[in-house]
Amino acid sequence: MMLKNLKILRALEKKTLWLATWMIHHANNIRPASDGIKVGGHQASCASIVTVMIALYFHNLRPYDRVAVKPHAGPIFHAIQYLFGNQTLARLKNFRGLNGVQPYPSKTKDKADVDFSTGSVGLGVAETLFASLVQDYVHSHGFIKPNTKKGRMIAVLGDAELDEGNIFEALLEGWKHEITNCWWIIDYNRQSLDGVINDKLFNRITGFFSTVNWNVISIKYGLKLQATFKTPIGPALKDWIDQCPNQLYSALTFQGGHAWRSELEQSLIGADGLDSFLEKHDDISLHELMTNLGGHDIEAILKAFSKAEKDERPHCFIAYTIKGYGLPLAGHKDNHAGILNSEQIDEYRSLLNIQKGQEWDIASGINVTNTELKEFINSVPFSKRVTRENLI
């Protein structure tokens with residue numbers, strides 16, 4: 001991929017997360033509310049999946065592909081549709097309100113071309129599998145326009161959605177009927193409303209995908225961590241990360257660089273290259289490195305997706321992420337429904353160089369020209385989206 005495109009994709013990643021975060025903040029703290037009831041939203045869940053969504057919508061999705069977006073990533077979906085020109089500013093401003101975008105993408109209530117309603121966790125995921133089977137059926141029986149290409153049925157799901165039994169029933173049905181052209185991308189942020197995900201149980205669950213003949217691709221490490229693993233400290237550091245309990249990793253993420261340093265000094269004492277490794281990094285760069293998971297590295301994601309581009313087998317991608325990544329509440333144990341306060345929003349806006357009054361402006365804070373941005377968005381395959389009305 002050209003370096004120019006990577007620059008634009010990273011800019012769109014920051015802009016999309018900002019729009020989703022601001023959408024929720026605006027609904028809860030700025031929009032007039034006569035009853036004073038909290039509107040809600042899931043800023044942390046949006047942050048964990050934004051890089052994957054950018055890779056999909058601005059690079060990998062083809063015109064015939066269909067996507068079920070995890071319920072708590074609704075604001076990310078709506079922000080992306082806004083960037084494409086498929087959603088209005090008025091509806092964004094009314095998030096979770098009358099005539100506003102829905103918290104969970106809805107085929108009947110949202111004006112954008114939503115593929116699968118995902119208001120109940122787990123249902124949208126299973127729908128993609130059965131949609132793939134139906135696609136095979138209508139193609140084989142000639143119930144669709146000649147020369148119509150098959151699309152991938154893609155589910156972007158939270159790791160806690162794997163608690164739903166209907167998902168595993170669907171997997172068995174897919175195995176019986178030799179499902180094809182189906183991708184499931186798991187946002188493995190390891191935090192849910194009920195607590196931190198048990199990593200041993202998760203390994204058992206993902207092992208089931210291999211049992212029913214899915215190709216499982218792990219997107220665990222970003223390119224910075226991968227490069228560090230090739231240095232003297234690399235083997236010991238990789239082993240420590242692989243063995244680190246999810247609870248500890250989340251806590252260290254929230255505490256920051258000084259906590260990472262203290263933990264590594266104790267846990268890796270005597271390891272080859274430890275002293276030079278720690279001396280090389282200040283607390284900020286150490287934190288950035290230790291949180292460089294694959295699900296937040298656009299290049300790592302694109303490389304993983306490219307491996308499956310011409311393979312019709314069903315694929316399960318496990319994207320390791322951090323809940324709240326890039327936000328002050330990253331890793332916090334109570335961030336599921338946490339919302340940034342006004343001071344934190346102001347700091348975030350300043351960090352992105354977005355001026356007050358330009359919060360909804362697509363170009364504000366983007367480090368590419370408006371012309372470059374528009375040309376790029378108009379060039380991506382998803383911009384040529386084939387609507388349902390044009391298929392029959």
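A cavity is a set of grid points where a 1.4 Å probe fits but cannot get out, and its lining residues have an atom within 4 Å of such a point. The legends below describe close-up views of a predicted model.

**View A. The largest cavity and its lining.** The residues that line the largest cavity are Tyr57, Val67, Val69, Phe77, Gln81, Pro105, Asp113, Val114, Asp115, Phe116, Phe382 and Arg385. Two or more lining residues come from each of strand 1 (66–69) and helix 3 (74–84). Sorted by class, the lining of this cavity comprises eight nonpolar residues, one polar residue and three charged residues.

**View B. Arg385, a charged residue in the lining of the largest cavity.** Arg385 is placed in the segment that follows helix 16 (370–379). Its relative accessibility is 16%, and because the limit for a buried residue is under 20%, Arg385 counts as buried. A polar atom of the Arg385 side chain lies 3.3 Å from the backbone oxygen of Asp65. When neighbours within four places in sequence are left aside, the contacts of Arg385 are with Pro63, Asp65, Arg66, Asp113 and Asp115; of these partners, Asp113 and Asp115 also belong to the lining of the largest cavity.

**View C. The largest pocket and the elements around it.** The largest pocket has a volume of about 1,300 Å³. It is lined by 37 residues, of which Lys14, Glu288, Tyr325, Gly326 and Leu351 are the closest to the centre of the pocket. The elements that supply two or more residues to this lining are helix 1 (3–30), helix 2 (43–60), helix 8 (223–228), helix 10 (246–255), helix 13 (283–290) and helix 15 (342–351). Helix 1 gives the most, with seven residues. By class, the lining of the largest pocket consists of 17 nonpolar, eleven polar and nine charged residues.

**View D. The buried residues of helix 11 and the helices they pack against.** Within helix 11, which spans residues 257–267, the buried residues are Gly257, Ala259, Trp260, Arg261, Glu263 and Leu264. These buried residues pack against helix 9 (234–243), helix 10, helix 12 (274–280) and helix 13. Helix 10 and helix 13 are also among the elements that contribute two or more residues to the lining of the largest pocket.

**View E. Ala236 in helix 9.** Ala236 is located in helix 9, and at 28% relative accessibility this residue counts as partly exposed. Ala236 and Ser267 are 31 residues apart along the chain, and their C-alpha atoms are separated by 9.8 Å. Residues up to four places away in sequence not being counted, Ala236 touches Leu268 and Ala271.

**View F. Cysteines in a structure without disulfides.** The structure holds zero disulfides, and for Cys182 the nearest cysteine sulfur, which belongs to Cys316, is 10 Å away. Cys182 counts as buried at 0% relative accessibility. Cys244 is likewise buried, with a relative accessible area of 6%.

Key:
Residues numbered from 1 in each chain as written. Predicted model: local features only at pLDDT ≥ 70, side-chain atom pairs only at ≥ 80, totals over all residues. Heavy atoms only, no water. 1 Å grid on protein atoms, 1.4 Å probe; cavity = no way out; pocket = protein on both sides within 12 Å on 5 of 7 lines; lining within 4 Å. Points joined across faces, edges and corners; volume = space filled by probe spheres on them. Helix = DSSP H or I, 4+ residues; strand = E, 2+ residues; numbered from the N terminus. Buried < 20%, exposed > 50% of the residue type's maximum accessible area, 1.4 Å probe, protein only. Contact = heavy atoms within 4.5 Å. Polar contact = N/O pair within 3.5 Å; in protein donor to acceptor, adjacent residues only side chain to side chain. Disulfide = S-S within 2.5 Å.
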